[in-house]
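Dear colleague,

Please find below the structure that I am passing on to you.

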Amino acid sequence: MAIPQPTQRVADYENMGLGMFVHWGLYSQLEKDAWGFWIYQYDMAEYKKAMDTFTAEDFDAEKLVLTAKNAGCRYIVLTTRHHEGFSLYDTCGLNAFDVMHAPAGRDLIREYVDACNKHGIVPFFYHTTLDWYHPDYRENFDKYLGYLRDSVEVLCKNYGKIGGFWFDGNWDDWNADWKEGELYAVIRKYQPDAIIINNSGLRRIAVATHPEIDAVVFEQGHPKPLEREGAPKYLAAELCLPMNDHWGYVGTDWNYKSPKTIIEALCDARRVGANFLVNVSPDGQGGIVPMQSLLMQTVGDWMKLYGEAIYRGRPCAAKSSGRNYALRSDDALYLMFYDLGEGGNKNVTVNADYFGWQAFDRVTDEIVSVEWMDNGEKLDFIQQGEMLSVGATGYPFGTHTLVRVAKAIIKK
């Protein structure tokens, strides 16, 4: 059976490769994650008092966007409204539970979009579909869905062209009629080229619940190739991952993932053609946490060396032993090596052993040269039929880039 071709908007989305998720809102002041309201069973009247101190004085949209850009991200997904119902945008009279009625008194989504446009980053809007604040969510669901559509219409109409919507919350009740078609029709009316994503949650990973959805989500899960043969449309995929154990800010969550874990997750995602969305969680007034900034900087350093493989490379049949694999572009194979050691002296180098000839099979293209992308060192190789063997030298002493990439040029 045939594999459907991606629409232009989906192809453009896949070309972005790497994005930055931003979980930030009223809940960030409480330092109990975006789920703190639910987990700790806050009374809404008590919870709303956090609005009185929400100044957003440390929120610098340009700094946030540059953090993403310097990390090699091509898009950002920011929480315009999370499950507790507080909006970072001017809801234009839909309710008073928004940033315009807090001491901040300014439309933070406008600042975010303007900064994205200034620096060539594509802005996406996260928006909850469930709502712990709005009484109609439990008392008059159809009326609530009208409020949800009106909220999304505000975002569609007031901020210029956006990259897409990232919805989250339908998993709260799979038996409910969420009227997805009516919601997505609002987006298509005002933002016809927007990517539509609706996170299907941890229990139904990577499920598309409506024909208008463009991409499915592997939330914290190991991404798998999508079965596209005979599918009614081409779906993209995305892996999203928090830097520590929470999506929203928790000041005492120091269980950060290592740069190795984050970069390997990026490479694992691209192996199956999925985008990678790495989360940052600004503090209560919008400041970027130093540890998270440093991790994003490390991702950026890696992307400066190997970003071409992430942006241009696509899954192909070529593979090797262990976790090593290859991505393909029109003119090259990108050979991804996960566990190379350093080529230094064993007495002074911790990991000096693992390097040497590595074989990739199912290589159907004729290769004319192979070199490391980080330093241009030419590598020996032998190609016999569909087997490509590469003499993978160890890291030069004093370096270790976690996943090292060699570029193999295809004969024209």
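This is a predicted model: local features need pLDDT of at least 70, side-chain atom pairs count only at pLDDT 80 or more; totals for chains, interfaces and linings use all residues.

Overall architecture. The protein chain contains 10 helices and 16 strands. Its radius of gyration is 23 Å, close to the 22 Å that the globule rule gives for 412 residues, so the chain is as compact as a globular protein of that length. Along the principal axes, the C-alpha atoms occupy a box of roughly 70 × 55 × 35 Å. Of the 412 residues, 56% count as buried. Among contacts between residues at least 6 apart in sequence, 69% link residues at least 24 apart.

The protein chain exposes about 17500 Å², of which carbon and sulfur atoms supply 50%.

Nonpolar cores. The largest nonpolar core has 102 residues, and the members that touch the most others are Phe54, Ile109, Phe276, Trp302 and Met336. Helix 10, residues 290-312, gives the most to this core, with 9 residues. A second, separate core of 19 residues includes Ala318, Leu340, Ile367 and Trp372. Returning to Phe276, and leaving aside residues up to four places away in sequence, its contacts include Gly17, Leu18 and Gly19, together with Tyr75. Phe276 also touches Leu239, Leu241, Ile262, Ala265, Leu266 and Ala269.

Backbone positions. Most residues other than glycine have a negative phi. Which residues depart from this pattern here? Two may be mentioned. Lys179, although not a glycine, has a positive phi of about 50°. Lys179 sits in the loop between strand 4 (164-168) and helix 8 (180-190). With a relative accessibility of 24%, Lys179 counts as partly exposed, because that class lies between the 20% and 50% cut-offs. Ala206 is another residue other than glycine with a positive phi, in this case near 60°. The loop that holds Ala206 runs between strand 5 (195-199) and strand 6 (215-219). Ala206 has a relative accessible area of 19% and is therefore buried, since buried means under 20%.

With kind regards

How values were computed:
Residues are numbered from 1 along each chain as its sequence is written. Side-chain values use heavy atoms; hydrogens and water are left out. Helices (H or I, at least four residues) and strands (E, at least two) are DSSP runs, numbered from the N terminus. The radius of gyration is taken over C-alpha atoms; the globule rule is 2.2 Å times the number of residues to the power 0.38. Buried means under 20% relative accessible area, exposed over 50%, partly exposed in between (1.4 Å probe, protein chains only). Contact means heavy atoms within 4.5 Å. Accessible areas come from the Shrake-Rupley method with a 1.4 Å probe; for residues, only the protein chains shown count as cover. A nonpolar core is a set of buried Ala, Val, Leu, Ile, Met, Phe, Trp, Tyr and Cys residues joined through side-chain atoms within 4.5 Å.
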